[in-house]
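Open the model in your viewer and keep the sequence panel beside it. The stops below are in an order that can be followed by selecting residues one after another.

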Amino acid sequence: MRGIRVVLIQNDGVARTIDNAAIGVSLMEVGRAEGVDGILGDCGGGCSCATCHVYVDAEWQQRVGPPDDVEIATLDMVSHLQQSNSRLCCQIVLTPELDGLKVTVAPAE
Ligand code: FES
């Protein structure tokens, strides 16, 4: 199956475009595999470390959806929380509908 395009803006302003991100994996896994700066994924996607914190671009928020209760509890620990669009990208599983998804990597803790 053809992958999708995702764009992650690093803290240095560099936009990392990944053109063939696999459907069914998390945005964290894709970002880490591509060496996107600031996507560490220390807990391996367990929603407990918040080292995969991103801000979802306004035009994508509705399609990505809100965090669940477990993710909200983990997001509560971060110091750069943006109520409107913070997400842990290990909890964003890529689907065909997310083709073109754009996020900005949150500053390091
Ligand atoms: S990888 Fe740890 S919370 Fe996302």
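In which helix is Gly31 found? Select Gly31: the residue is in helix 1. Keep in mind throughout that this is a predicted model.

**Stop 1: Gly31**

Is Gly31 buried or exposed? Its relative accessible area is 0%, so Gly31 counts as buried. Now show what surrounds the residue. Leaving out residues up to four places away in sequence, Gly31 touches Val36 and Ile39.

**Stop 2**

Select Leu8 next. Which residues does Leu8 touch, if those up to four places away in sequence are not counted? They are Val14, Ala15, Arg16, Ile18, Leu27, Val36, Ile39, Val103 and Val105.

Leu8 also belongs to the largest nonpolar core, a set of 28 residues. Val6, Leu8, Leu27, Leu94 and Leu101 have the most contacts inside this core. To see where the core draws its residues from, colour strand 1 (4-9), strand 2 (15-21), helix 1, strand 3 and strand 5 (101-105); each of these supplies at least two.

**Stop 3: Thr51**

Move to Thr51, in the loop between helix 1 (27-33) and strand 3 (53-56). Why does Thr51 count as buried? Its relative accessibility is 17%, and the cut-off for buried is under 20%.

Show the side chain of Thr51 and find the backbone nitrogen of Asp42, which this side chain reaches at 2.8 Å. Beyond its neighbours within four places in sequence, Thr51 is in contact with Gly38, Ile39, Leu40, Gly41 and Asp42. Ile39 was also on the list for Gly31.

**Stop 4: the cysteines**

Select Cys47 and Cys90. How many disulfides does the structure hold? The number is 0. For Cys47, the nearest cysteine sulfur is that of Cys90, 5.2 Å away, whereas a disulfide needs the sulfur atoms within 2.5 Å. Cys47 counts as buried because its relative accessibility is 7%.

**Stop 5: Arg63 and Trp60**

Where does the charged end of Arg63 sit? It lies over the ring of Trp60, 4.2 Å from the ring centre. As for pairs of aromatic rings, a search of the whole structure finds 0.

Terms used. Residues numbered from 1 in each chain as written. Predicted model: local features only at pLDDT ≥ 70, side-chain atom pairs only at ≥ 80, totals over all residues. Heavy atoms only, no water. Buried < 20%, exposed > 50% of the residue type's maximum accessible area, 1.4 Å probe, protein only. Phe/Tyr/Trp six-rings, centres within 6.5 Å; stacked < 30°, edge-to-face > 60°. Lys NZ or Arg CZ within 6 Å of the ring centre and 35° of its normal. Helix = DSSP H or I, 4+ residues; strand = E, 2+ residues; numbered from the N terminus. Polar contact = N/O pair within 3.5 Å; in protein donor to acceptor, adjacent residues only side chain to side chain. Contact = heavy atoms within 4.5 Å. Core = buried A, V, L, I, M, F, W, Y, C linked by side-chain atoms within 4.5 Å.
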